[in-house]
Amino acid sequence: MPSCSPDCCLLQAVEIVKVWSEDGAGKVVEIPADMTARDVCQLLVYKSHCVDDNTWTLVEHHPILSLERCLEDHELVVQVQASMSSDSKFLFRKNYAKYEFFRNPLNFFPEHMVAWCHESDGSIPQAQLLQNFLNSSSCPEIQGFLYVKEPGRKSWKKLYMLLRRSGLYYSTKGTSKEPRHLQLLSDLEDSNIFTIITGRKLHNAPTDYQFCIKPNKARSDCKELKMLCAEDEQSRTCWMTAFRLLKFGIVLYQNYNVPQQRKSANSSFSAPVRSVSENSLVAMDFSGRTGRVIDNPVEAQSAALEEGQTWRKRTHRMNVLGSPSPLHPPSLSSVIHRTQLWFHGRIMREEAHKMIIQQGQVDGLFLVRDSQSNPKAFVLTLCHHQKIKHFQILPCEEDGQVFFSLDDGATKFTDLIHLVEFYQLNRGVLPCKLKHPCTAVAL
């Protein structure tokens, strides 16, 4: 039998994967069997001319089951696709919270939910929290109450749960951790954890904070899903993050470190692209010979107001002279924001909520949209402490010119781009600075 040529072998090794963007467009990608989710994201970033800020993810989406999860960077895409049903698909989306727990672990793991193994006697400090999760020889546990959907029924039962490296257990007797009272609900090895993307009505859930453990072999069968529900967003995030850490361990930390190492390696010969998502913007005072960072919040607020007034006066002065700024002429000031990644036009409040939740619910994640109640106004949707808040941006007229303001005219801006840039530098009346634009990419 004749041996196949190298070209033939190469063709056999390539798989077809279709990836969808949030606007409903799809792109077919030919990839080798050993290509990871991070590799595919970088390929799509390159093809779509996006900025590669290491927040892009592939999402495994199951519309019939109403489930989705972000693939880990090291997972083989072809392998994951082989375990998906025909109705399932991959989405290409940003997720700013993918590795946020490495930067702020104490925000993700409340003390009352973290239990240490009996040998430690509770003496391990919180600073060692992540180290113990990553170290395969240690045995941290996550504990607390969860609602569990009873198989084949619409009712939910509140049970005391323990998440260990060996699996998720529930206690048959109150909060007892004795081995005889613990029953295995699901293992970690052959399962993945998903967010339930429909409202609570579909499964008659007791709260909005649902999630699910899905065995890899279960394609479209609801019976094998372990449906769970937490009391609040923080505890749901804790359970889901701990599941990932206990399942993948040190591999997650290596995934997190790869772009950090690449960035430091490149810095010796090329200046990195400036990104507001890296918290590089701070309030500065340039009144002296050298600039200084303003730490005092009262002083920063004062500087914010002063800077806003300066920008307004500068634009006004140019208009009086009859030579408006070439960057923002009056004809453009009302529409120039439509070119920005953070502007999403006439989307509903519910859609804005959904996008913020999908992209990670980290502090400073934001978008701007048209107001539904006032056709001349806009709304800033902002995430802070895992809560989504909405702020009206109102137009105000002065000397025949329209300005935009978040604080009833105390600080005015000639257009929305000026406004957003200002609040990326200064918190002002907002609970935090604008850090991460909520972005929808067209593939």
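A residue counts as buried under 20% relative accessible area, as exposed over 50%, and as partly exposed in between. Keep that scale in mind as we walk through this predicted model. Glu 231, at 38% relative accessibility, falls in the partly exposed class, and so does Lys 158, whose value is 45%. These two residues form a salt bridge, with the closest N and O atoms 3.1 Å apart. The bridge links distant parts of the chain: Lys 158 belongs to strand β8 (residues 156-164), while Glu 231 sits in the loop between β13 (226-230) and α7 (233-248), 73 residues apart.

A search of the whole structure turns up 15 salt bridges, so let us visit a few others. Lys 94 and Asp 53 meet through their side chains at 2.7 Å, N to O. Here Lys 94 comes from strand β5 (residues 89-94) and Asp 53 from the loop between α2 and β3 (56-62), 41 residues apart. Both Lys 94 and Asp 53 are buried. The salt bridge of Glu 398 and Lys 412 (3.5 Å, N to O) joins a partly exposed residue, Glu 398 at 28% relative accessible area, to a buried one, Lys 412 at 12%. Because Glu 398 lies in strand β18 (residues 387-398) and Lys 412 in the loop between β19 (401-405) and α12 (416-425), this pair ties together parts that are 14 residues apart in sequence.

Next, look at helix α2 (residues 37-48). Its twelve residues reach 16 Å from first C-alpha to last, close to the 16 Å expected at 1.5 Å a residue. The buried residues of α2 are Ala 37, Arg 38, Val 40, Cys 41, Leu 44, Val 45 and Ser 48. They cover an arc of only 160 degrees around the axis, which puts them on the same side of α2. Arg 38 also takes part in a network of salt bridges with Asp 73 and Lys 98. After the helix comes His 49, with a positive phi near 60 degrees.

Finally, turn to the aromatic rings, where the whole structure holds 15 pairs. In one of them, Phe 343 and Phe 378 have ring centres 6.1 Å apart and planes at 70 degrees, so the pair is edge-to-face. Phe 343 is buried at 10% relative accessible area, and Phe 378 is buried at 7%. Elsewhere, Tyr 99, Phe 101, Phe 102, Phe 108, Tyr 253 and Tyr 256 form one aromatic cluster. Charges meet rings too: Lys 89 lies over the face of Trp 20, 4.9 Å from the ring centre.

Notes: Residues numbered from 1 in each chain as written. Predicted model: local features only at pLDDT ≥ 70, side-chain atom pairs only at ≥ 80, totals over all residues. Heavy atoms only, no water. Phe/Tyr/Trp six-rings, centres within 6.5 Å; stacked < 30°, edge-to-face > 60°. Buried < 20%, exposed > 50% of the residue type's maximum accessible area, 1.4 Å probe, protein only. Lys NZ or Arg CZ within 6 Å of the ring centre and 35° of its normal. Helix = DSSP H or I, 4+ residues; strand = E, 2+ residues; numbered from the N terminus. Expected span 1.5 Å × (residues − 1). Arc of directions from axis to C-beta. Salt bridge = Lys/Arg side-chain N within 4 Å of Asp/Glu carboxyl O.
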